[in-house]
Amino acid sequence: MRFRAKILALSVVTAIMAYSWRDTFVAESLRGAKVLVTGASTGIGEQMAYHYASFGAQIIITARRENVLKKVAEKCLELGAQKALYVPGDMSNTTDPEKVVKFAVEALGGLDYLVLNHIGPSPFAMWDGDVEHVRWLMQVNFLSYLQMTSSALPHLEKTGGSIVVVSSMLGKMCTPFVGPYTATKFSLSGFFGTLQHELAMQRKNVTVTICVLGLIDTQSAMDKIKGYTSMKAYPATDAALHIIKAGATRQRESFYPLYTYFGSLFRDWFPFLRDLFIQNSYNYEP
Ligand SMILES: *[C@@H]1O[C@H](CO)[C@@H](O)[C@H](O)[C@H]1NC(C)=O
Ligand SMILES: *[C@@H]1O[C@H](CO)[C@@H](O)[C@H](O)[C@H]1NC(C)=O
């Protein structure tokens with residue numbers, strides 16, 4: 001009995017420790033850091049660009065729309081970025097991911113952070129059997145991440161750099177209406193989890209940080225879920241700062257908001273209740 005109590009106490013302490021890393025972040029560590037942020041024209045990516053800028057980083061931002069990127073880059077310079085350039089890229093195009101990394105490495109003379117954040121649009125609806133859409137989304141949300149990682153790794157090894165992967169609670173738990181998106185996020189968890197092992201076993205000084213996010217109040221997310229659920233959404237700017245800190249402190253996995261941590265922890269404890277809860281948290285009539 002006393003042994004069990006000790007195990008329980010140890011588990012609780014470990015859980016608290018796992019979440020209390022944030023205090024170790026030093027803003028100064030990002031001054032002059034060479035950062036590439038994808039999906040940076042709107043939402044969490046845009047907010048990350050602004051945070052990196054205010055910490056005095058040198059950043060390259062990418063997304064599809066050049067006119068929007070230009071505005072974000074200008075604001076980054078106003079906020080204090082040492083350098084802020086943009087490069088348009090379409091991640092559904094199989095040659096663009098490599099092209100973007102090349103541009104960043106050449107423009108900055110190296111790379112410290114590869115922040116993979118972009119996603120392609122996907123309907124919020126029950127799956128209609130469209131496999132072609134899943135194939136397309138896999139390229140945008142998953143394969144392009146691998147292409148960029150592959151191009152950036154040699155440069156990250158030189159600087160002891162980091163790859164930051166923006167994932168989701170939906171890369172840990174299945175919910176209705178988001179099959180293709182969930183598939184891409186589970187793929188990211190699987191692939192980058194493996195990469196973490198391999199980099200460690202090869203004693204390579206490159207860290208991979210996987211960020212598990214809950215519902216964030218970006219325009220695109222809010223438009224999608226409107227009318228389906230009344231779940232609370234958390235601010236994109238806080239999510240962005242959380243991701244940056246997790247990357248800078250070289251965390252393996254990081255959770256925002258806190259409920260995603262407990263959700264992941266307790267995911268498989270009561271599957272029947274979990275599924276009942278998930279299915280009842282949406283308004284849906286067949
Ligand atoms: C990908 O982009 C390149 C230019 O960057 C272009 O030549 C090529 O046609 C594009 N491919 C597709 C499939 O759109
Ligand atoms: C790994 O990289 C980090 C960050 O660049 C650096 O602080 C650290 O000294 C490096 N460690 C080794 C063993 O080279």
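Me: Which strand is joined to strand S5 by seven bridges, and how do the two run?
Reply: In this predicted model, strand S5 (residues 162–168) is joined by seven bridges to strand S6 (residues 207–213), and the two run parallel. Val164 stands opposite Thr209 in S6, and Val165 has Ile210 in S6 as its bridge partner.

Me: What should I keep in mind about side chains when I follow a strand?
Reply: In a regular strand the side chains alternate between the two faces of the sheet.

Me: How many residues of S6 are buried?
Reply: A residue counts as buried if 20 or more other C-beta atoms lie within 10 Å of its own. Six of the seven residues of S6 are buried, so S6 is largely enclosed by the rest of the structure.

Me: In what order do the strands form the sheet?
Reply: The order is S3-S2-S1-S4-S5-S6-S7, an open sheet of seven strands with parallel pairing. At the edges are strand S3 (83–88) and strand S7 (253–256), each of which pairs on one side only. From one strand to the next, the twist averages 15°.

Me: Which helix lies across strand S2 and S3?
Reply: Helix H3 (residues 66–79) lies across strand S2 (58–63) and S3, and runs at about 170° to S3.

Me: How is a pair of packed helices described?
Reply: Two packed helices are described by the angle between their axes and the distance between the axes. Take helix H2 (residues 43–54) and H3: their axes come within 8 Å and cross at roughly 25°. An angle under 35 degrees counts as roughly parallel, so H2 is roughly parallel to H3. Their crossing is right-handed. Glu46, Ala49, Tyr50, Ala53 and Ser54 in H2 meet Val72, Lys75, Cys76 and Leu79 in H3. By class, this contact of H2 with H3 has six nonpolar residues, one polar and two charged.

Me: At what angle do H4 and H5 pack?
Reply: Helix H4 (residues 96–108) and helix H5 (residues 131–159) pack at about 30°, with their axes 8 Å apart. H4 and H5 are therefore roughly parallel to each other. H4 passes H5 in a right-handed crossing. On the H4 side the residues that meet H5 include Val100, Val101 and Val105, and on the H5 side those that meet H4 include Met148, Ala152 and His155. The residues of this contact of H4 with H5 divide into six nonpolar, four polar and two charged.

Me: Is Lys34 buried or exposed?
Reply: Lys34 lies in strand S1 (residues 34–38). Lys34 has 23 C-beta neighbours inside 10 Å and so counts as buried. Leaving aside neighbours within four places in sequence, Lys34 is in contact with Gln58, Leu108, Gly110, Leu111 and Asp112. The C-alpha atoms of Lys34 and Tyr113 are separated by 6.3 Å, though the two are 79 residues apart along the chain.

Me: What is the phi of Phe177, and what is the phi of Arg203?
Reply: Phe177 has a positive phi of about 80° although it is not a glycine. Phe177 sits in the loop between S5 and helix H6 (179–201), and with 18 C-beta neighbours inside 10 Å it counts as partly exposed. Arg203, also not a glycine, has a positive phi near 55°. Arg203 is in the loop between H6 and S6, and counts as exposed because it has 6 C-beta neighbours inside 10 Å.

Me: Which residues does a cis peptide bond join?
Reply: Tyr256 and Pro257 are joined by a cis peptide bond, with omega about -10°. Pro257 is in the loop between S7 and helix H9 (259–266).

Terms used:
Residues are numbered from 1 along each chain as its sequence is written. Chains are lettered from A and ligands numbered from 1 in the order in which they are written. This is a predicted model: local features need pLDDT of at least 70, side-chain atom pairs count only at pLDDT 80 or more; totals for chains, interfaces and linings use all residues. Axes are lines fitted to C-alpha atoms, for helices over the stretch in contact, and angles run from 0 to 180 degrees between N-to-C directions. Helices (H or I, at least four residues) and strands (E, at least two) are DSSP runs, numbered from the N terminus. Angles under 35 degrees count as roughly parallel, over 145 as roughly antiparallel, 65 to 115 as roughly perpendicular and the rest as oblique. A crossing is left-handed if the near helix is turned anticlockwise from the far one by less than a right angle, and right-handed if clockwise. Two residues are in contact if their C-beta atoms, placed from the backbone, lie within 7 Å. Ala, Val, Leu, Ile, Met, Phe, Trp, Tyr, Cys and Pro count as nonpolar, Asp, Glu, Lys and Arg as charged, and the others, Gly among them, as polar. Two strands pair if DSSP finds at least two bridges between them. A residue is buried if 20 or more other C-beta atoms lie within 10 Å of its own, exposed if 12 or fewer, and partly exposed in between; C-beta atoms are placed from the backbone.
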